[in-house]
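Try each task before you read its solution.

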Amino acid sequence: MTEEETYLRPGLEKLADHYSEILTLLGEDKDREGLQKTPMRVAKAMQFLTKGYSQDPKAILEKALFHEEYSHMVIVKDINFYSLCEHHMLPFYGKAHIAYIPNGTITGLSKIARVVEVFARRLQVQERMTHQIMECIEETLKPMGVMVVIEAAHMCMQMRGVEKPNSVTTTSAFSGVFKAKETRQEFMDLIK
């Protein structure tokens, strides 16, 4: 296993065997030159795209907790992510914008982006992912409030089904002081 393949988990060979069968069921010749290595490539890609199942987002935040008497909004915006829709296993991707107001504890800024990555690298729906990110930050940092806004393009809507290529879905989740409309508005103004 190469350093880049640290995401590989048990079951890789079996997964590749299933993709080989899928190729046959789609009417392809799995033994033709261009497809001979495809089942293993796809199996490795799927394990990479779902590596969030073997990661603990709370542990990521806990590795970089610091006591700090800062009680104003901390925002990490434009966090790019890629995920797979659990309904069709097609990609959805976009940006996450996250704010929290510390209550004596802060975390390393990169850890916020890593939490997004962990939840994105699972089969997901955008609504759940938005809530999971908020809940993880809330439970780990115990801030005065958290707000998460996610904007994403969904391939299940753009390349199949309704086929609307310019559609973007926006979801939000908030807690604590972000329940106040003016606090939410301040966040929204700052991420524009």
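**Exercise 1. Is Lys 142 buried, partly exposed or exposed, and where is Lys 142 found?**

Step 1. Lys 142 has a relative accessible area of 57%. Buried means under 20% relative accessible area, exposed over 50%, and partly exposed in between, with a 1.4 Å probe and protein chains only. Lys 142 is therefore exposed.

Step 2. Its place is the loop between α5 (126-141) and β6 (145-154). Helices (H or I, at least four residues) and strands (E, at least two) are DSSP runs, numbered from the N terminus.

Step 3. Now look at the backbone: phi of Lys 142 is near 50 degrees, a positive value in a residue other than glycine. Most residues other than glycine have a negative phi.

A note before going on: this is a predicted model, in which local features need pLDDT of at least 70 and side-chain atom pairs count only at pLDDT 80 or more, while totals for chains, interfaces and linings use all residues. Residues are numbered from 1 along each chain as its sequence is written, and side-chain values use heavy atoms, with hydrogens and water left out.

**Exercise 2. Find the phi of Met 89 and describe its setting.**

Step 1. Phi of Met 89 is near 55 degrees, again a positive value in a residue other than glycine.

Step 2. Met 89 sits in the loop between β2 and β3 (91-101).

Step 3. With 41% relative accessibility, Met 89 counts as partly exposed.

**Exercise 3. How do the axes of α1 and α2 cross?**

Step 1. The two axes come within 8 Å and cross at roughly 125 degrees. Axes are lines fitted to C-alpha atoms, for helices over the stretch in contact, and angles run from 0 to 180 degrees between N-to-C directions.

Step 2. α1 and α2 are therefore oblique to each other. Angles under 35 degrees count as roughly parallel, over 145 as roughly antiparallel, 65 to 115 as roughly perpendicular and the rest as oblique.

Step 3. Residues of α1 that meet α2 include Leu 12, Leu 15 and Tyr 19; among their counterparts in α2 are Ala 43 and Met 46. Contact means heavy atoms within 4.5 Å.

**Exercise 4. Where is Ile 133, and which residues does Ile 133 touch?**

Step 1. Ile 133 belongs to helix α5, and at 0% relative accessibility Ile 133 counts as buried.

Step 2. Leaving out residues up to four places away in sequence, Ile 133 touches Ile 98, Val 115, Val 116, Phe 119, Val 148 and Ile 150.

Step 3. Ile 133 and Val 146 are 13 residues apart in sequence and 9.4 Å apart in space, C-alpha to C-alpha.
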